[in-house]
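Trainee: I am new to this one. Could you walk me through it?
Mentor: Gladly! Let us look at it together.

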Amino acid sequence: MTSSTGPAAAAGTWRLGDLTVNRVGFGAMRLTGSAAFGGVPSDRDRSIGLLRRAVELGVDHIDTAAYYFSSLRSANELINRALAPYPDGLVIATKVWPGRDPSGRWRWAEPQELRGQVEENLRQLGRDHLDVVNLRVPPSRRDGSIAEHFGALAELREAGLVRHLGVSNVTPGQLAEAQAIAPVVCVQNAYGVGAPAGEQELLRACGEQGVAFVPFFSIAGAGREAGAGGAEDARVLALARERGVTPAQVRLAWTLHQGPHVLVIPGTGDPDHLAANVAAGALRLSEEEVARLSPPDRGGR
């Protein structure tokens with residue numbers, strides 16, 4: 001499957017370094033269970049079938065991590081089982097710095113431990129290199145230096161274990177700090193309808209620099225890992241009714257409208273939701289509709 005075919009191509013393409021991907025991708029966090037990082041384990045065959053269907057729909061960018069697992073399921077193992085030998089053009093991005101031990105307890109790696117995390121992803125995915133590795137910055141370091149950790153990843157890139165580097169949950173200052181060490185092809189930050197003005201500024205800066213902006217929680221919003229449960233934004237609901245689409249599709253279309261460098265990686269364990277999420281790439285909102293969901297000073301882009 002190439003980046004020019006399938007419904008996922010409807011929103012166009014962007015570059016992750018020298019890799020061209022459709023702007024609608026897939027996030028693997030919800031593949032493994034009824035809740036992020038746990039819950040009732042997913043049905044293995046259903047998850048494998050969903051991944052294969054995603055590729056059939058033109059998805060060529062999958063976001064995952066070794067710490068995406070439930071008591072019985074590993075996202076990386078499911079990806080390996082479903083898609084290896086991997087189709088030409090499929091880009092798999094993963095994340096390091098956070099980690100979980102077999103009991104599920106969280107920990108944050110030291111710089112010298114990042115190689116082990118990269119090798120764990122390689123082993124689980126059955127790859128000899130990783131296409132993109134994002135350094136996922138912990139909340140406690142949002143104002144601190146990431147140079148030591150990013151420098152360790154840059155060394156792994158030089159060694160050929162990693163092809164491209166990205167950063168996640170960062171400030172503009174941390175992005176600049178990373179770029180002074182090695183090229184950054186993408187930024188993964190929380191973003192969607194209702195995002196703070198600071199995130200909009202970072203999104204625009206990425207566009208000016210040709211860096212992909214890959215938001216997470218673009219559907220879940222304030223629900224974050226818990227998902228999009230609870231009361232939906234009245235503006236989103238109203239527009240969804242008017243257009244005859246789902247609120248999730250409205251949120252994805254609004255996010256994609258923010259710039260040609262913006263990618264989305266909605267995740268789901270439901271095949272119907274998968275098809276609807278991918279179809280959102282073809283939904284075009286008018287400038288007036290975009291403005292209805294944006295703060296007064298933002299409007300469209």
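Mentor: This is a predicted model: local features need pLDDT of at least 70, side-chain atom pairs count only at pLDDT 80 or more, and totals for chains, interfaces and linings use all residues. Residues are numbered from 1 along each chain as its sequence is written, and side-chain values use heavy atoms, leaving out hydrogens and water.

Trainee: In what order do the 7 strands of the open sheet lie?
Mentor: Strands here are DSSP runs (E, at least two residues), numbered from the N terminus, and two of them pair if DSSP finds at least two bridges between them. The pairing is parallel, and the order is E3-E6-E7-E10-E11-E12-E13.

Trainee: Which strands stand at the edges?
Mentor: An edge strand here has a single partner strand, so one side of it is left without a neighbour in the sheet. That describes strand E3 (26-27) and strand E13 (212-213).

Trainee: What is the bridge partner of Val 187 in E13?
Mentor: Start with strand E12 (residues 186-188), which pairs with E13 in the parallel sense over 2 bridges. For Val 187, the partner in E13 is Phe 213.

Trainee: How many disulfides does a search of the whole structure find?
Mentor: A disulfide is a pair of cysteine sulfur atoms within 2.5 Å. For Cys 186, the nearest cysteine sulfur is that of Cys 206, 9.2 Å away. The search of the whole structure gives 0.

Trainee: Is Cys 206 buried or exposed?
Mentor: Buried means under 20% relative accessible area, exposed over 50%, and partly exposed in between (1.4 Å probe, protein chains only). With a relative accessible area of 0%, Cys 206 is buried.

Methods
Helices (H or I, at least four residues) and strands (E, at least two) are DSSP runs, numbered from the N terminus.
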